[in-house]
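Hi there,

Here is the structure I promised to pass on.

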Amino acid sequence: MTGPQMSMNKVIHGAVRRDLDRFVSALAAFPSGDQRRADELQSAWENFDDQLHHHHTGEHEIAWPALQRVGVSAEVLAAMDAEHDTMALALTTAGEALGALVQTPDSARAADARAAFEQLRAVTVTHLDHEEAEIEPVYLANHDHPAVVEMSRQFSKDGGLAWGGRFLTWLLDGATPQERAAIDDAVPRPVRTVLVGVFGRDYRRKVAPVWSR
């Protein structure tokens, strides 16, 4: 039997990249004076910021100890943490710029927000590329190692059912076939169906429509 072709970590990275591209595109096309559109983007931002914060917290608390057990060096993990710090600054700047757009939804604020999100995308993609180069092969080679199995178990419990349903719905929104296959490998389809169907409603109502127009 062959192992997984993509880790859930890389699936999450795919969702992060998609959202950043969506924000940049939406801000580039922002209709000056459109308060409704600004509010929609704020709703999408609240989800994105929460997902990324949760991911990084989980990496620090759950993933890093497991990865050290399978041979990832402390130096590599320290470099990941330093890149997280750089991203955190860019996240703050982007959030503030979007907040200014919500307060005054004009073309000048939209341009400022777009620049902030382009910078956030640049530092984030640099980090994601680096992390995948260093760590993705480790995840795939050690997918059945007890430390990685336990890490996956802890992640599956992290945040509770409501959060897990929103998380999976976000991951699936625009996922590639390879990403969907990786989700199928990690989350039994009946479990996923219940979580997304029951607890993904808030995402489908508040966030998914933002990207459809």
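**Gln-51 and the helix contacts**

Leaving aside neighbours within four places in sequence, Gln-51 is in contact with Trp-163, Arg-166, Phe-167 and Trp-170. Please keep in mind that this is a predicted model. Gln-51 sits in helix H2 and has a relative accessible area of 2%, so it counts as buried, the cut-off being under 20%.

Helix H2 (residues 35-69) also packs against helix H1 (residues 8-28), at an angle of about 155° and with the axes 11 Å apart. Because that angle is over 145 degrees, H1 is roughly antiparallel to H2. The crossing of H1 past H2 is left-handed. On the H1 side, the residues that meet H2 include Ile-12, Val-16, Leu-20, Phe-23 and Leu-27. Among their counterparts in H2 are Leu-41, Trp-45, Phe-48 and Leu-52. Sorted by class, this contact of H1 with H2 has 11 nonpolar, 3 polar and 3 charged residues.

The other pair to look at is helix H6 (residues 160-172) with helix H8 (residues 189-199). Their axes are 8 Å apart and the packing angle is about 95°, which means that H6 is roughly perpendicular to H8. From H6, Leu-161, Ala-162, Gly-165, Arg-166, Leu-168, Thr-169 and Leu-172 take part, meeting Arg-192, Leu-195, Val-196 and Phe-199 of H8. By class, the contact of H6 with H8 has 7 nonpolar, 2 polar and 2 charged residues.

Key: Residues numbered from 1 in each chain as written. Predicted model: local features only at pLDDT ≥ 70, side-chain atom pairs only at ≥ 80, totals over all residues. Heavy atoms only, no water. Axes fitted to C-alpha atoms, helices over the stretch in contact; angles between N-to-C directions. Helix = DSSP H or I, 4+ residues; strand = E, 2+ residues; numbered from the N terminus. Parallel < 35°, antiparallel > 145°, perpendicular 65-115°, else oblique. Left-handed = near helix turned anticlockwise from the far one by under 90°. Contact = heavy atoms within 4.5 Å. Nonpolar A, V, L, I, M, F, W, Y, C, P; charged D, E, K, R; others polar. Buried < 20%, exposed > 50% of the residue type's maximum accessible area, 1.4 Å probe, protein only.
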